[in-house]
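Dear colleague,

I am passing on the structure below, together with some notes on what was found in it. Please read the notes alongside the coordinates.

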Amino acid sequence: MRVRPRRRARFELVGSGVSHTYTSPDTLGPDPLSIFEAWFAEARALDPRFADAMTLATATLDGRPSARTVLYKGLHEGAVCFVSNYESRKGQELSQNPHAALVFFWAGLNRQVRFEGRAVPASSAWSDRYFAARARSSQIGAWASAQSQVIASRDVLEARIAEVEARFDGQPVARPPFWGGFRLVPERVEFWLGQDARLHDRHLYTRGDGDWAQSRLSP
Ligand SMILES: Cc1cc2nc3c(=O)[nH]c(=O)nc-3n(C[C@H](O)[C@H](O)[C@H](O)COP(=O)(O)O)c2cc1C
């Protein structure tokens, strides 16, 4: 039998002159969150536009899925964080069924990362801290928008914004009780590297008893 040469993925980071070769999980390392942080940093360095955009998939209790884009707000105590309205469609689905998935795709690197786990509200302290650091216009918007509810017109939204601005005139904007962080605690993380001839590399990490188990998946 003819032995094929071992395939190697090589990613040239534009402008950096850095070349990376990934051939096996050994070269990636044992901790998927550290790998993710390194990949995210590379994606942001290559192209900061929407490097932090990720698709969040949720599902109702009877298994009807829905997906939308949200922004990544960092890792905190082993969880992937994002912020949203707790009463939105995603918020309601997560309160019924916390099982969720997040997907990043970075075209410039030809890489994808998938997370699966339970997404639960972040602590009030985390959400308060994050909310306090937002621009005032975003704070006002969080109060004014009943996210995912039908609204009669743009004028209605603008009237609500004016109302909220008047309510908080001259004072700090408190965090709405219906708005805050979510933390997805990953149980499964997959790193996908685009390769020639669709023979992509897929490295799966699943959480066992505290430790992560690694395996390679067929493309
Ligand atoms: C690039 C981008 C980033 C977004 N970031 C967020 C976000 O961080 N949080 C959020 O609630 N919605 C975000 N949205 C809007 C959501 O995609 C979605 O429209 C909204 O959250 C309502 O979703 P739902 O009705 O399924 O709950 C973003 C949309 C885009 C296109």
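Throughout this email, two residues are in contact if their C-beta atoms, placed from the backbone, lie within 7 Å. With that cut-off, and leaving aside its neighbours within four places in sequence, Gln147 is in contact with Asn85 and Ser88.

Two points on provenance come next. This is a predicted model, in which local features need pLDDT of at least 70 and side-chain atom pairs count only at pLDDT 80 or more, while totals for chains, interfaces and linings use all residues. Residues are numbered from 1 along each chain as its sequence is written.

As to the overall picture, the chain has six helices and eleven strands, where helices (H or I, at least four residues) and strands (E, at least two) are DSSP runs, numbered from the N terminus. Of its 219 residues, 21% count as buried; a residue is buried if 20 or more other C-beta atoms lie within 10 Å of its own, exposed if 12 or fewer, and partly exposed in between, with C-beta atoms placed from the backbone. Among the contacts with a separation of 6 or more, 59% are accounted for by residues 24 or more positions apart.

The helix pair α5 and α6

Two packed helices are described by the angle between their axes and the distance between the axes. For helix α5 (residues 136-144) and helix α6 (residues 154-167), the axes come within 9 Å and cross at roughly 115 degrees, the axes being lines fitted to C-alpha atoms, for helices over the stretch in contact, with angles that run from 0 to 180 degrees between N-to-C directions. The residues that meet are Ile140, Trp143 and Ala144 in α5 and Leu157, Arg160, Ile161, Val164 and Glu165 in α6. By class, this contact of α5 with α6 has six nonpolar, no polar and two charged residues; here Ala, Val, Leu, Ile, Met, Phe, Trp, Tyr, Cys and Pro count as nonpolar, Asp, Glu, Lys and Arg as charged, and the others, Gly among them, as polar.

The loop between α5 and α6

Gln147 is found in the loop between α5 and α6, and this residue is classed as partly exposed because 16 other C-beta atoms lie within 10 Å. The C-alpha atoms of Gln147 and Ser88 are separated by 5.1 Å, although the two residues are 59 residues apart along the chain.

Ser148 lies in the loop between α5 and α6 and counts as partly exposed, because it has 15 C-beta neighbours inside 10 Å. Not counting residues up to four places away in sequence, Ser148 touches Ser88 and Arg89, and from C-alpha to C-alpha Ser148 and Arg89 are 5.9 Å apart in space. Most residues other than glycine have a negative phi, whereas Ser148, which is not a glycine, has a positive phi of about 80 degrees.

Ile151 is found in the loop between α5 and α6, and is exposed because 12 other C-beta atoms lie within 10 Å. Beyond residues up to four places away in sequence, Ile151 touches Val156 and Leu157.

A positive phi elsewhere

Arg198, in the loop between β9 and β10 (201-207), has a phi near 60 degrees, a positive value in a residue other than glycine. Arg198 counts as exposed, because it has 7 C-beta neighbours inside 10 Å.

The ligand shell

Which residues are closest to the ligand? Of the 16 residues that surround the ligand, the closest are Ser84, Ser88, Arg89, Lys90 and Ser148, a residue being near a molecule or strand if its C-beta atom, placed from the backbone, lies within 6 Å of it. Two or more residues of this shell come from each of β4 (65-71), β6 (79-85) and α3 (89-96), and β4 provides the largest share, five residues. The shell divides into six nonpolar, seven polar and three charged residues.

The nonpolar core

The largest nonpolar core has 26 residues, of which Leu102, Val113, Phe115, Phe182 and Leu184 touch the most other members; such a core is a set of buried Ala, Val, Leu, Ile, Met, Phe, Trp, Tyr and Cys residues joined through C-beta atoms within 7 Å. β9 gives the most to this core, with five residues.

With best regards
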